[in-house]
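Let's take a friendly walk through this chain, with its sequence and coordinates side by side.

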Amino acid sequence: MTTPEVSRPTVRIRYCTLCNWLLRANWMSAELLSTFGTELDSVTLVPGTGGVFAVDVDGTPVWDRATDGGFPDAAELKRRVRDVAFPDRDLGHGDVRTP
């Protein structure tokens, strides 16, 4: 008897290569993987240009540098990913629910 495949969220981080934001994107991916681990299907880094730094979960935007103003800190990004992918999950003592 096999266990049914459970769909897990996919996170995509688009970053500007001309701005040298690979390290920032990589750091954010490591933060997300350390928090959500195997609950995520994948965290994919997608190179781009034009000053892009955007994060989405299964196509739902959670952060965009152009509209959100700058870059998220790790805690804020984790909250936003959680709110879309795992709304019932507790992130621990520093967790602040967004309305």
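Glu76 counts as buried, at 19% relative accessibility; buried here means under 20% relative accessible area, exposed means over 50%, and partly exposed is in between, using a 1.4 Å probe and protein chains only. Before going further, note that this is a predicted model: local features need pLDDT of at least 70, side-chain atom pairs count only at pLDDT 80 or more, and totals for chains, interfaces and linings use all residues. Residues are numbered from 1 along each chain as its sequence is written, and side-chain values use heavy atoms, with hydrogens and water left out.

Glu76 forms a salt bridge with Arg80, with 2.7 Å between the closest N and O atoms. A salt bridge is a side-chain nitrogen of Lys or Arg within 4 Å of a carboxyl oxygen of Asp or Glu. Glu76 and Arg80 are about one helical turn apart because they sit four residues from each other in helix α3. Arg80 counts as partly exposed, at 23% relative accessibility.

Glu76 also has a salt bridge with Arg79, where the closest N and O atoms are 3.0 Å apart. These two also lie in helix α3, three residues apart, about one turn of the helix, and both Arg79 and Glu76 are buried. Together, Asp68, Glu76, Arg79 and Arg80 are linked in a network of salt bridges.

Where does Asp73 sit? Its place is the loop between α2 (65-68) and α3. The side chain of Asp73 reaches the backbone nitrogen of Glu76 at 2.7 Å. Asp73 counts as partly exposed, at 46% relative accessibility. Its C-alpha atom is separated by 8.6 Å from that of Met28, a residue 45 places away along the chain.

## Linking helix α1 and helix α3

The structure holds eight salt bridges, including one between Glu31 and Lys78, whose closest N and O atoms are 2.9 Å apart. This pair links distant parts of the chain: Glu31 is in helix α1 (residues 22-36) and Lys78 in helix α3, 47 residues apart. In general, side chains of opposite charge can pair when their charged atoms come close.

Is Lys78 buried or exposed? Lys78 is buried, with a relative accessible area of 17%, whereas Glu31 is partly exposed at 21%. Lys78 lies in helix α3, which spans residues 74-85. Not counting residues up to four places away in sequence, Lys78 touches Glu31, Leu32, Thr35, Phe36 and Leu91, a contact being heavy atoms within 4.5 Å.

## Aromatic pairs

How many aromatic pairs does a search of the whole structure find? The search finds three. Rings of Phe, Tyr and Trp (its six-membered ring) pair if their centres lie within 6.5 Å; planes under 30 degrees apart count as stacked, over 60 as edge-to-face and the rest as tilted. Trp21 and Phe71 form an edge-to-face pair, because their ring centres are 4.8 Å apart and their planes are at 85 degrees. Trp21 lies in the loop between β1 (10-16) and α1, and Phe71 in the loop between α2 and α3, so the pair ties together parts that are 50 residues apart in sequence. Trp21 is buried, with a relative accessible area of 14%, while Phe71 is partly exposed at 26%.

Phe36 and Phe86 form a stacked pair, 5.4 Å centre to centre with 25 degrees between the planes. This pair links distant parts of the chain, with Phe36 in helix α1 and Phe86 in the segment after α3, 50 residues apart. Both Phe36 and Phe86 are buried. Ring pairs also link Trp21, Phe53 and Phe71 into a cluster.

## Cysteines

A disulfide is a pair of cysteine sulfur atoms within 2.5 Å, and by this rule the count comes to zero. Cys16 is in no disulfide; its nearest cysteine sulfur, that of Cys19, is 3.1 Å away. Cys16 is buried, with a relative accessible area of 1%, whereas Cys19 is partly exposed at 32%.

## The chain as a whole

The secondary structure comes to three helices and four strands, and along the sequence the pattern reads β-α-β-β-β-α-α. Helices (H or I, at least four residues) and strands (E, at least two) are DSSP runs, numbered from the N terminus. Buried residues make up 35% of the 99 residues in the chain. Among contacts between residues at least 6 apart in sequence, 61% join residues at least 24 apart.

Technical notes:
A polar contact is a pair of N or O atoms within 3.5 Å; within protein, one must be able to donate a hydrogen and the other to accept it, and residues adjacent in sequence count only if both atoms are side-chain atoms.
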